[in-house]
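I opened this notebook to record what I looked up in the structure. The entries run from the whole chain to a single residue.

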Amino acid sequence: MGFSKRGAAEIVLAVTAVVALLQFSHAAVYKVGDSAGWTSIGNLDYKQWSATKTFQVGDIIRFEYNAQFHNVMRVTHPMYKACNASAPLATYTSGNDTINITTKGHHYFICGAPGHCQAGQKVDINVLRTSDTAPTTAPEGSTAASVPSAGSPAPSPSSGISLRASKGSLITKLCLAMAGFAVFVSGFY
């Protein structure tokens, strides 16, 4: 039994679909501030925290905090720099907010409680221009929102839960090798 050219094309199409689906599984989940979470206590350096991460489109950013004392506000770059919470682009108040990153560029977040941003409770999530572009959905039981970029360019691994390095590239290479083999074999029939 041999492969026809149509059969080989169907195999290539199926493998391509599998590779595309696997791209969705590459999302990392980052808890802002790692074990400390989103807080103004303990002199957490969120700039340093974000600088150790490689964020990509499709990643999930989780803010965990005490909702009695904190919130999360998505703001523009000028608002971020000035710690201006007067007109946020979005406000999150659940204490367990999950935000899907759907665009490249900078995503600015501050705590709107008086004095917290000025004390350093603000973070710039920078999704590099060279990253993948596969958005994903948030885990069940969380407050989720998709976030477009808040403008302005600049640069940015750790406790992010990711399949990127472990399986993604190996599976992609395996699928591409299978597709190439299918095309090669179809040439003999």
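Entry 1, surface. I looked up the accessible surface of the chain, which comes to about 10,100 Å²; carbon and sulfur atoms hold 62% of this surface. Accessible areas come from the Shrake-Rupley method with a 1.4 Å probe, and for residues only the protein chains shown count as cover. I noted that 40% of the 189 residues count as buried (under 20% relative accessible area; exposed is over 50%, partly exposed in between).

The model is predicted: local features need pLDDT of at least 70, side-chain atom pairs count only at pLDDT 80 or more, and totals for chains, interfaces and linings use all residues. Residues are numbered from 1 along each chain as its sequence is written, and side-chain values use heavy atoms, with hydrogens and water left out.

I found four helices and eight strands (DSSP runs numbered from the N terminus: H or I of at least four residues, E of at least two). Along the sequence their pattern is α-β-α-β-β-α-β-β-β-β-β-α.

I located His106 in strand β6 (residues 105-110). His106 counts as buried because its relative accessibility is 3%. Its side chain makes a polar contact of 2.8 Å with that of Asp124 (N or O atoms within 3.5 Å, one able to donate a hydrogen and the other to accept it; residues adjacent in sequence count only if both atoms are side-chain atoms).

Methods: Buried < 20%, exposed > 50% of the residue type's maximum accessible area, 1.4 Å probe, protein only.
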